[in-house]
Every structure is written in C-alpha cells, then in structure tokens.
Amino acid sequence: MKPLKILSLTLISLMLASSCVEKEKSLTVEVFETSRSGNKLSKIDSFSPGTESASKISLNPKKTFQTFTGFGGSFTESSAYLLNQLGKENRQKIIDAYFADSGARYSLTRTHMNSSDFSLDQYSYAPVEGDTLLKFFSIEEDKDDIIPMIKDAMAASSEGFNIISSPWTAPPWMKTNNAWVGGELKREHYDTWALFFSKYADAYKAEGIDIWGFTVENEPHGNGNNWESMHYNPEEMTEFVRDYLGPQLENDGKGDLKILGYDQNRKGIKEWVDVMYKNEANAKYYDGMAIHWYESTFKVFPEALQYAHEKAPDKYLIQTEACVDSEVPKWQNDDWYWQKEATDWGWDWAPEDQKHLHPKYRPVYRYARDIIGCMNNWVDGWVDWNMVLDRQGGPNWFKNWCVAPVIVDPDQDEVYFTPLYYTMAHFSKYIRPGAKRIAFESTDQDLQVSAATNPDGSHVVIVFNPSKEEKVFDLHLDDAVKTLSISPQAIQTITLIN
C-alpha cells in the first residue's frame, strides 16, 4: 500500500475516533444526598474519582407516564397546636422548612374536617342535633390552630399548594349508632352530609383558603373501633357521591372541587374501583381514588395500583396518608431512623397468619421505597400524615402515638428535624406539580430509581441505595453521560441542568 494511502486512512481513523469522543458529552448535574453517614439533603460535588462504574441508569424522557399532582404532608390540629406552643422563631423555622423555597416546597397537603385522632378532643362543625339545614355550622374550632397554620404556610410558599380535606366522621347525631366511632351515615342525612362539604368549602374560602378537593371518608372500613370513624361499603359511598355529594357541589357552583373515593389501604383497591368506575353514572363525580400505605410494612401492592390506573387512566391516584405508626418518636437520634427497629400496629395486633406482614423495619427505607414504588406504579400524589408531633408522638386524644418528620419539645422550645423530613424533601422539593414520570433503565437491581421531567423541562432522578456499600453508576441521557456515586444507605436527588 502506498504511504499516502496509509496516511489518509490513519487521518480518517483519528477523525472518526475524535468524533466518537465528541459525541459522548458530559451531563451537567447537581446531586443532593441524605445518608446514614450524616448527609442531610447535602450537595455532593465529588464522586469517587477513578472508580470504575459498575452499572448504569439510562433516561428516556420521550416515554412519559402520569403527571404528578404533588408531594407533601397534613395540617392536623395536633401539629397546629404544637406550633402555637413554640416561640415565633421556631414556628417560622418549621413553616419555612416545609413550604418556603429554601425548604421542602410542599405542594399537596391534607387536613381533617371535624376532629380526628390527632385532635385534642372530639368535635364537629355541626354540633346541634337535628340541624339538617346546618344553620349552626361553624369552623370556629379551627380558627385558633389549623387555619393560622395554613395561612402561615400560604405566606411562606411562593408557588402555593393544594389542600385535600377529609372527614373522619359525621357528627354523631347523623349516624346509626349516635357515636363518634363506627356506625354508618343515616340515609335520611345523606343530603345534609353533602351540604356539610359545601358549607365547609365556603367557610374556608371566607377565611382566604381555597380547598382543592375532598376524600369522601377517611378509612371507610373503620379502624377497629378506636377513634373517629364512619363506615361505608363501595356501593354506599358511590351512591352518596353519585346522588348527593357530586350534585350538591355542582349545584352550588363548586363542581371544580375534586372528589376522591375510598381513602384506605391499597389491599382493598380492586373491590372499590370495580364499583366506583363500574359505569359512567358511578364514575361521573369521582375525580380519582385516595389510598393509604398501612396493612403491610413493606408491600407497595403494585398490581393493585396498576389495576386502579388501568380501570381509570385519566383519574387521580393519590396516596393521602402514611406515617411511622404505633411508635413514640426517638428524639435527637438520627441513626434510629435508619435502624431496623420500628414496629407498626400489626406488630402487636395482627392475627398470627398476618404477622409476617408486619416485621420490624427501617423508617427511612420504608418512606423511600414506598414513594419510589408509588411513583413507578402510577400514583400521582403522595401525602404524609402529621407534619409536627411532640416527643411522645402526640398530642392525640386516643394516645395513638406516631412519628412525624419534625418533632418538637414545646416546653424547651426545641425542634428536631428527623431524617424523614429530608427523605420527604428529596421528592417534594425537586419534583414539581405538573412533572411527568419518564422511562428509565437501571442495571443495578439493588438501586431503587424513579425519574421525572418538570414543567420547565428539567429532569430529576431519585436514587435510593439500601445496601451497605457505595454504588458507582453512569447516568445516561441521549449521548451524554456522567459517572456518579451514592453512599451506602442513602437517598439521592439528581437534577440535570439544561
């Protein structure tokens, strides 16, 4: 071969090699990590230099799934009461931590209509027996605590947030057992109870607070005759929504308020959606379904979630309640939240054939796994329970102690942000309302991953590493790549900068 020809071939080879290098661009990212080793939504700037990646995560923004409604927590009387006991500085610190741009930026919230177990006592906005026209309806009970907390949150939030309101029970005089706990709504009061929802929306609007939507009933299966509850089966709830609540709101000019059915554990989804969405008449006023995470400490119930989506792909599927229940919070002990020491109600009370569903678990793991699992199975909103509780896990009139992401000691005016707060913020702060879940592929089965594209076009990846070793992976988007690492027992949010 002639020297000139050899030279030409060599130049072509070099040009092709150079072209390949140029095609593999570097992704520009920001990485935030919370880890057992001590990171708390900390910005990570260095990633195991020189370490060869063992796996890869490839994003595909062209394939999208559900649109996210938001992430957040709940305004309860217990949380609001505790904020009132703190000094102004710590009260504002907590409000900002949840709602300000510098904090978790909660976008979807929930509150209770009438009292719940996380109230100081039992009360109703319609306490006068026989007041079927609700002439004596009043939200006065909320004006010292819940309403000021919501207003402070509104002032701190630059983008605002939506509120879902849920009743635990109608006032006893409307019920078959004339009691706060258990029983059913008397049929002759279906119309009065529908009017109650409309009056509530008006009363809150008069306070400057818009309600986004309702769940029809918190935990319609009941809760073992413990605290406020009222029972429905799927047919009864659907009749109430179809023939009373939906028409009432529509006739009162509130047809835009969302109505979410069910509002209990995922295990019962199929039974409920089969009735809720059985036909056009049943489905007309339902905007979606609300679910809780209890029943099992580790199962996401993906088949049930997928079934709900397939039954009604255009309707909401929102997780409205979750918490570390039946636990007194551990104070100023971050590591406990990463330990396999938490137990739930089933640890003590589940029948023998169900106890295997309620083992000890790690609180951070449960939150991270559940939210990622929900995201990857069509859930479009995820709402935590109480935002603030005290060192006992209350106040709670039934002594049903639970854990919140923020624990306070009002006597000492002290605040403790648990690792659960930072875990929630990994989702709420970076995945904004209107974001769409996007497809991805991950070659490391230990890593739990989800991804979304925000309305502004920015991509967000959530990675949870429950293993006890550092993981190194290549993050791919189109022809760009970035080698990253995640600490052992850690959760990361990776934002891709356009």
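Trainee: What makes strand S10 largely enclosed by the rest of the structure?
Mentor: Buried means under 20% relative accessible area, exposed over 50%, and partly exposed in between, with a 1.4 Å probe and protein chains only. In strand S10 (residues 288–292), 5 of the 5 residues are buried, so the strand is largely enclosed by the rest of the structure. Strands (E, at least two residues) and helices (H or I, at least four) are DSSP runs, numbered from the N terminus.

Mentor: Please keep in mind that this is a predicted model, in which local features need pLDDT of at least 70 and side-chain atom pairs count only at pLDDT 80 or more, while totals for chains, interfaces and linings use all residues. Residues are numbered from 1 along each chain as its sequence is written, and side-chain values use heavy atoms, with hydrogens and water left out.

Trainee: Which way do the residues of S10 point?
Mentor: Gly288, Ala290 and His292 point one way, Met289 and Ile291 the other way, and all are buried. In a regular strand the side chains alternate between the two faces of the sheet.

Trainee: How do you know that S9 and S10 pair?
Mentor: Two strands pair if DSSP finds at least two bridges between them. Strand S9 (residues 258–265) and S10 have 5 bridges in the parallel sense, and Gly288 in S10 is the bridge partner of Leu260. S10 is also joined by 5 bridges to strand S11 (residues 316–321), again running parallel; there, Ile318 is the bridge partner of Ala290.

Trainee: Why is the unit made by S10, helix H9 and S11 called right-handed?
Mentor: A crossover is right-handed if, with the strands pointing away from the viewer, the path from the first strand over the helix to the second runs clockwise. S10, helix H9 (residues 302–311) and S11 make a β-α-β unit of this right-handed kind.

Trainee: What is meant by the largest nonpolar core, and how many residues does it have?
Mentor: A nonpolar core is a set of buried Ala, Val, Leu, Ile, Met, Phe, Trp, Tyr and Cys residues joined through side-chain atoms within 4.5 Å. The largest has 127 residues, and among those with the most contacts inside it are Trp193, Phe240 and Met289. Its largest share, 10 residues, comes from helix H5 (residues 190–206). Domain 1 (29–63 + 438–496) and domain 2 (70–433) both give residues to this core, so it lies between them. These bounds come from an automatic or database domain assignment.

Trainee: How many residues of the two domains are in contact?
Mentor: Contact means heavy atoms within 4.5 Å. By that criterion, 25 residues of domain 1 are in contact with 21 residues of domain 2, while the domain centres, taken over C-alpha atoms, are separated by 31 Å.

Trainee: Why does Glu219 count as buried?
Mentor: The relative accessibility of Glu219 is 9%, so the residue counts as buried. Glu219 is found in the loop between strand S8 (213–215) and helix H6 (234–251), and has a positive phi of about 50 degrees although it is not a glycine. Most residues other than glycine have a negative phi, and most peptide bonds are trans.

Trainee: What is the phi of Asp263, and is this residue buried or exposed?
Mentor: Phi of Asp263 is near 80 degrees, a positive value in a residue other than glycine. Asp263 lies in strand S9 and, with a relative accessible area of 0%, is buried.
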